[in-house]
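Subject: Structure for your files, with notes

Hello,

Please find the structure below. My notes on it follow, and you can read them alongside the sequence.

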Amino acid sequence: MSQETNTTIESLATKEYKYGFETEIEYESFPKGLNEDIVRLISERKNEPQWMVEWRLKSHKHWAKLHRSDAEPKWANIKYGPIDYQDISYFSAPKKRPKYNTMEEVDPEIRKTFEKLGIPLQEQMILAGVAVDAVFDSVSVATTFRETLAKSGIIFCSMSDAIREHPDLVRKYLGSVVPYTDNFFASLNSAVFSDGSFAYVPKGVRCPMELSTYFRINAKQTGQFERTLIIAEEGAYVSYLEGCTAPMRDENQLHAAVVELIAHDNATIKYSTIQNWYPGDKEGKGGIYNFVTKRGKCSGKNSKITWTQVETGAAITWKYPGCILQGDNSVGEFYSVAVVNNYQQADTGTKMIHLGENTKSTVISKGISAGHGQNSYRGLVKINKGATDARNFSQCDSLLIGDQCGAHTFPYMEVKNTTARIEHEASTSKIGEDQIFYCKQRGLSTEDAVNMIVNGFCKEVFRELPMEFAVEAQKLLGISLEGSVG
Amino acid sequence: MLEVINLHAGVDGNEILRGVDLEVGVGEVHAIMGPNGSGKSTLAQVLAGRESYNITEGRVTYEGKDLLAMKPEERAREGVFMAFQYPVEIPGVSNAYFLKAGLNAIRKFGGLEELDAVEFLALFKEKARIVDMDESLLSRPVNRGFSGGEKKRNEIFQMAVLEPRLAILDETDSGLDIDALQTVARGINTLRSKENAIIVVTHYQRLLNYVIPDHVHVLIDGRIARSGGKGLALELEARGYDWVKEEADKEETHA
C-alpha cells in the first residue's frame, strides 16, 4: 500500500480511546488483597444472609486451593504477565448510596458520565422502552421500569436486591449452571462478586421490553466481578442487553464476570452483549483483562438460548458463552463478532453441549484482526450419547487487516451418537487494496470504506442484535478499527 | 476539461507510461486503443488515483485543478468516474447501500442534500432501466456472484447514478457477448452529453461501432503514437497495431 495511505493509517491509529476519562466520585474501597475476612466484609457490607456468606466462603476456599496449585487456565492462545491477586481491591462503591425512582434523583456526576458515554439514558428509556438497570461500578444506582415489569410478575433488579428480596430463587439457581468449582475465574467471582443483574420471567410471560444494563468500571485497581442470573419459566420470553465501556487506565484491570441463564420448557432467552472495555494503548500498555464465564442451560424441552456478542474492547478477552442443551428439541445459538486491534488478544468462542434428543445449535463467529492483534476462535461441539438426531452448524470467518495480526481457529468436536450431523465451515479473507480503491473511486473515504467492508462482513451477526444495539455496534467497530487499514 | 502533459508513471521503478499527452474537451468522447501492455489500463488507473502507481514526471489538469494532487475519493467527488475492468466484490454490502453511500458522499461534497432511502430507490429504478439491469441486483452484495456481463452493466449503472463529468471506461467491453455489448453501449450513449466527457479505453474496435468517438488515440509503449478521428479505429481493426508502431519508431529515429 502506498505511502499516503500508510500515513493516513498511522495518524488514524493514534486516535485515543474515545471513552477515556474518569469521573470524580467519592469511593469507599477495601484494602487490597483477598482472604476470608475480605469475603466476609463484602457480604456484611451488602447485608447478605448467612447462606450467601457461606457460599462465598466455600467458593473462596476452592479458589484459594486452585490458586495455590497454580490452576489459572493456561490453555488459551493469549499471553499476559502474572496477576497478583493480592494486589487488587475487591470492593468499591460510591459512598453515597441512595435509592432512586427517577433519573433526576441520580448524582449529576454519574449522569454526566453516562452523557459523555453517549448513552442518552432518559431518552432511551422513553423512546425505546428500555428498562435500564444502571450499574455504576459495583452498586446499582438506578433501577427503572421496575413497576411496569412487576405488573407482569417479572422481577428485574440488582443481584444484591435479589439476594435480599428473592432468596429462594437465588438459592435455587445461583451456581446451578456455572458451579463455583467450574473454573478458576468462576470460583473467584463466586467468592467476591460485587453486584450484577437478576431477572425472573414467570410462566407464560413475554417480557414487554428489552432489559438492559450498562456496566462500567470506574475505580482504580478495582476488579469488577459482576454476577448475572436470568431465569425464564415455562413459555416465557426475555431479551437482555448488556453493554459496557470503561475509562482509560494505565494499570491492567481484572474483570471476571459470571452469567447464568436458565430456560425452562418452551422458554426463550436472548442475551446480547457489546463489550468495549478499555483495550490498552497502541503500545499494548494497560487495558482490561476480561475473563468471563457465561453459560445457559436449556433445561426444558423446546427451549432456546441465543448468545450474541460484539467484543471490541479489552486487552484480553477470554470467554466462551455456551449452551447446555438438556431439554429435547432445545436450540442453542451463538453469534459473535470479535475485533482485535493494536496489541489486543481475544480467545473466544462457544460450547454447545447436546444432551437432549433432536437438539440443534448454530455457531456464527466473525473474527476481525488488525494491527498486532491476535484473534482465536475456540469452540466445542459435544454430542452426548443420548442426543439422538442432534445437529450443529458452525461457521467461523476471519478477516485480516494488515500483515502483523493473526487469526486462529480451534474447533473441538466430541461426538458420541452416530445420528449426529455436524457441519463446520471456515474462511479467512483480507481487506484488499482493490476493495478500498473501489470504494474510494465511488467517493468514500478510506475510513468509510473499511467500516462498510467490515460491517458487511459482520452482517449475519449484527442482524441478530436488537435495533438500537446494532447501530451502536457498527459505531464501535468503526472506532475500534479507525486507521487500521494496511 | 482534462489536460495530460508528458505523464510518466510506473510500478516499482518499471516505467509504463512514458510521456503521455492528451487533451479532452467537454462534450467529447475519446477512445484510447492499443495493444496489450501498452499502458491503457495504467493510464485509466493513474487518472482515477490508484495509489500503487508512482508518477515520476508530468502533470494532469482537470477543470483547472491539479488532478494528481487529489486523493482518489476527492477525484470521485469532483466528478471523475472510472468503470473498472475487473469490478471488485464486497461481500455483505448490498449494491444499493454501497452506491447510496458513494452518491451521498459526492452530493455532500457538492453542497447538495443527501438523498433518503425512498428518493434513492426511485433514482435507482430509473437508472437501472438505462442498462437493462435486473433490480434484484440492487439488493445483492456488490458484484458478488454477478456474471461478467452483470458486473459490467453494474459499472455503467453506477456511472448513470453518479453522473460524473469525466468518465473513464476501462475495457468495459471486454468479456461481453454481443447483446450485452449493445446494452452497455446504449447505456453509455444515453449518458453522453454536452456537459460531460468520456474516455473509452479498449483493445478492440467493436465497441466503437456503437459508441462513436470524436477522437481516437493509439497508445503504444506508454506513449500516444497516433491520434485521429473515428476512421483510425477502423483502420486499426483492418491493419492491426504493428504499422502504427513501425511508423512511430520511424518518426523517433528521424527526430
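What percentage of the 255 residues in chain B do buried residues make up? The figure is 46%. Please bear in mind that this is a predicted model, and that the values here were computed from it.

Chain B overall

Chain B holds nine helices and 12 strands. Along the principal axes, its C-alpha atoms fill a box of roughly 65 × 40 × 35 Å. The radius of gyration of chain B is 18 Å, which agrees with the value near 18 Å that a compact globule of 255 residues would have. Of the contacts in chain B with a separation of 6 or more, 70% are between residues 24 or more positions apart.

Four strands of chain B make an open sheet, in the order β2-β1-β4-β5, with antiparallel pairing. Its edges are β2 (14–24) and β5 (65–66) of chain B, each of which pairs on one side only. Helix α1 (residues 40–48) of chain B packs on this sheet and touches β1, β2 and β4 (54–62) of chain B. The direction of α1 makes about 70° with that of β2(B).

Strand β1 (residues 2–11) of chain B and β2(B) run antiparallel and are joined by eight bridges. To place the two strands against each other in the viewer, take B:E3, whose bridge partner in β2(B) is B:E23. Further along, B:V20 in β2(B) stands opposite B:L7. The hairpin of β1(B) and β2(B) has two residues between the strands, and B:D12 takes a positive phi near 50° there.

One residue in β10

Strand β10 (residues 197–202) of chain B contains B:I199. Is B:I199 buried or exposed? It is buried, because 24 other C-beta atoms lie within 10 Å, and 20 or more are enough to count as buried. Leaving out residues up to four places away in sequence, B:I199 touches B:V24, B:H30, B:I32, B:I168 and B:L169. B:V24 belongs to that list, and β2 of chain B spans 14–24. B:I199 and B:L22 are 177 residues apart in sequence, yet their C-alpha atoms are 11 Å apart in space.

Where the chains meet

The contact between the chains takes 20 residues from chain A and 22 residues from chain B. On the side of chain B that touches chain A, α2 (72–77), β7 (90–94) and α3 (95–109) of chain B each supply at least two residues. The most comes from α3(B), which gives five residues. By type, the residues on that side of chain B are 14 nonpolar, four polar and four charged.

A helix in chain A

Helix α3 (residues 50–68) of chain A has 19 residues. At 1.5 Å a residue it should span 27 Å, and its end C-alpha atoms are 27 Å apart, so the two agree. The buried residues in α3(A) include A:R56, A:S59, A:H60, A:H62 and A:W63. Among the elements that cover the buried residues of α3(A) are α2 (36–45) and α9 (184–192) of chain A. Just after α3(A), A:D70 takes a positive phi of about 55°.

Regards

Notes:
Residues numbered from 1 in each chain as written. Chains lettered and ligands numbered in written order. Predicted model: local features only at pLDDT ≥ 70, side-chain atom pairs only at ≥ 80, totals over all residues. Expected span 1.5 Å × (residues − 1). Buried ≥ 20, exposed ≤ 12 C-beta atoms within 10 Å, placed from the backbone. Contact = placed C-beta atoms within 7 Å. Nonpolar A, V, L, I, M, F, W, Y, C, P; charged D, E, K, R; others polar. Pairing = 2+ DSSP bridges. Axes fitted to C-alpha atoms, helices over the stretch in contact; angles between N-to-C directions. Rg over C-alpha atoms; globule rule 2.2 N^0.38 Å.
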